[in-house]
Amino acid sequence: MGRDNLQDKFAIAAALQDIGTLLELKGGDSRFKARAYQRGARSVAGLSVDVGKLVEQDRLTSIAGIGNALASQIKELYLTGSSSVLKNLRQEFPPGIIELSGVPGLTISKIRTLHEALGITSLSELKAAAETGKVRKVKGFGVRTEQKLVEAIANHQTRANTDKRVHIHHAQHVGEQILNYLRTGEGLQVASVAGSLRRWKETVENIRVVASTNQPSGLIKHFLRFPLIVQVQHQSANTCTVLLADGTRASVIAVRPGQYLLTLLFETGSEAHLNRLRQLSKARNLSLNNRNVGSQQRGGKPARTKRPTKRSPDIRSEADVYRYLDLQYVPPELREDEGEIEAALAKQLPEDLVTLDDIQGMVHCHTTYSDGKHTIEEMARAAEAMGMKYLTITDHSPTAFYAGGVSPDRLRRQWDEIDEVQEKVRVRLLKGTESDIVASGALDYPDSILEQFDVIVASIHSRYKMDSQKMTERLLIAMRQPVFKIWGHALGRLIQRRPPFECDVERVLDAISESRAAIEINGDPYRLDMEPRWIREARKRKIRFVISVDAHSTGALNNVKYGVGIARRGWVGKGEVLNTLGVKAFLKAVRPVSSFYSTSVASPPSGP
């Protein structure tokens, strides 16, 4: 193993991933150990510090997900380049077990038999043997089994080549690993993620990376040594598409510096947006495609490049492309052909899209008083370390008993603790609740308590399967409550697990526009609710937003960036987001009881 520390961490992560896979194949109690090694692999690959220093300073266990056993293996891998655990596991299985075990119907015993009889150690060798009739001659197989194997291999490869969507937070993590690895190669000038990841889509099919270098083929060869690659699905001189150990698909497009900006633009997409740009460029006799020689079509094969037949503009930034087409610059998050071209032609795109730096306060945070992992003080110090001006403590209300909903008696204790912690930190702590919207549309807690909070996030956590009419009425009642409330994770979706519940969203938005309410843009990467299309509908009604973290731990405070990404996809400007305000203005905007009724926050509740 080389001593380049950035490369070391990827090689170590790959070894840990292999250990995890083999333990999973072993089955039984080993599956629990497998998960630990798989988590450890992700943690090591994502390290931003020198793994060698962690080994030398005996600080490996300070990494999240790394215990003593894993630390021992990482140390052994770093110092010797090998792992005794991995070596012993490999001796228990036939060669090629990790790749071959992915074929349905191919058990460990069958893989062992094929290896002993034909020396098969890879999927390509198995495919060749089956297609030439060698497998049928092996004891325990036969013509029919061989035919089934050929079909299974074809289906397996089809599935492997089929786009597998992963959540944005995982895609970003893997994308950063790829960028870090590319930076260890020679000649890289600049690299960026592209595709749907750069557009901040909720899920990503393929992690696309565009790199600028004077040696495209050399950079591709370097990337193909990335230790987490398990299969190369396509390769050319300056492009490749691979499958990684965690099942994600990634493509790297390496181009010369003069081609980089246009390649990045075209690899970012979406295809519908790009088609509109092509139409406009054709009308203006401009050529935009001729420099895009590194581009790949969606199937993974290189796009054919045409000789320039039209005038090629001088492109020094992506903004230049839009300027040449007489368009406002369209940020990546808006490139979906959902009205942005028309708005850019009319110079009506919002020019102040909200950014991460605009956010001044963390909203919608849970602590150990309900289902959070960290205490009020731990959450406060983490928010303060991030430079936040305020933090809302919004634990669940009593009806959410499954999440440790806070009773009035416990709420008094919580408020006392908030006051105590406030004396230790600079970040302003706001007393709030995530109040359930119960089936009737009422908010959890009596009005006498609701009116005493600094902030109310009102959410649905039960009875998701109400019919559309009843759910709509439930929400209308809640949104028309006289107290100011923030509609939390509005439609209750869990990405790839639970669809949004049914309701007449436009009626609810109409009610909110006439009520004392705002809408949360939930940054939890499994929620990212509400969807950009509904955010744009809310904007038409001049409804205000809060970009929240829905954080149940200190680490989840970083969810704010995903909320910002979704807000930008919804065309939301800084001035439309309440938690871009300073603490006094924010408090005034979200205070449940208006200043007409109360000019200050009341004392803690005395009971229901």
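What is the relative accessibility of Thr399, and does Thr399 count as buried, partly exposed or exposed?

Modeller: The model is a predicted one. In it, Thr399 has a relative accessibility of 32% and counts as partly exposed, because this value falls between the cut-offs of 20% for buried and 50% for exposed. The residue belongs to the loop that runs between E9 and H18. When neighbours within four places in sequence are set aside, the contacts of Thr399 are Asp436, Val438 and Asp444. Ala380 lies 19 residues from Thr399 in sequence, and their C-alpha atoms are 26 Å apart in space.

By the rule applied here, the model has one cavity of 30 Å³ or more, and the largest cavity has a volume of about 30 Å³. Its lining is formed by Asp395, His396, Val406, Leu411, Gln414, Gly432, Thr433, Tyr445 and Phe453. Strand E9 (390-396), helix H18 (408-422) and strand E10 (428-436) are the elements that each give two or more residues to this lining. By class, four of the lining residues are nonpolar, four are polar and one is charged.

Tyr445 sits in the loop between E10 and helix H19 (447-450). It is buried, because its relative accessible area of 7% is under the 20% cut-off. Its phi is positive, at about 80 degrees, although the residue is not a glycine. In general, most residues other than glycine have a negative phi, and most peptide bonds are trans. Lys542 likewise has a positive phi, of about 65 degrees, without being a glycine. Lys542 is found in the loop between H22 and strand E14 (545-548), and with a relative accessibility of 72% it counts as exposed.

Asp529 and Met530 are joined by a cis peptide bond with an omega of about 20 degrees, and Met530 is placed in the loop between E13 and helix H22 (532-540). A cis peptide bond also links Gly269 to Ser270, with an omega of about -5 degrees. Ser270 is in the loop between helix H13 (260-268) and helix H14 (271-283).

Strand E13 (residues 517-522) contains Asn522, which is buried with a relative accessible area of 0%. The Asn522 side chain reaches the backbone nitrogen of Asp524 at 2.9 Å, and it also makes a polar contact of 3.0 Å with the side chain of Asp550. Beyond four places in sequence, the residues in contact with Asn522 are His364, His489, Arg527, Leu528, Asp529, Ser548 and Asp550.

Finally, the whole chain. It has 24 helices and 14 strands. Its radius of gyration is 28 Å, close to the 25 Å given by the globule rule for 608 residues, so the chain is as compact as a globular protein of that length. Along the principal axes, the C-alpha atoms fill a box of roughly 85 × 65 × 50 Å. Of the 608 residues, 54% are buried. Among contacts with a separation of 6 or more, 69% are between residues 24 or more positions apart.

Note on methods. Residues are numbered from 1 along each chain as its sequence is written. This is a predicted model: local features need pLDDT of at least 70, side-chain atom pairs count only at pLDDT 80 or more; totals for chains, interfaces and linings use all residues. Side-chain values use heavy atoms; hydrogens and water are left out. On a 1 Å grid over the protein atoms alone, a cavity is a set of points where a 1.4 Å probe fits but cannot get out, and a pocket is an open set with protein on both sides within 12 Å along at least five of seven lines; lining residues have an atom within 4 Å of a point. Grid points are joined across faces, edges and corners, and a volume is the space filled by probe spheres set on the points. Helices (H or I, at least four residues) and strands (E, at least two) are DSSP runs, numbered from the N terminus. Ala, Val, Leu, Ile, Met, Phe, Trp, Tyr, Cys and Pro count as nonpolar, Asp, Glu, Lys and Arg as charged, and the others, Gly among them, as polar. Buried means under 20% relative accessible area, exposed over 50%, partly exposed in between (1.4 Å probe, protein chains only). A polar contact is a pair of N or O atoms within 3.5 Å; within protein, one must be able to donate a hydrogen and the other to accept it, and residues adjacent in sequence count only if both atoms are side-chain atoms. Contact means heavy atoms within 4.5 Å. The radius of gyration is taken over C-alpha atoms; the globule rule is 2.2 Å times the number of residues to the power 0.38.
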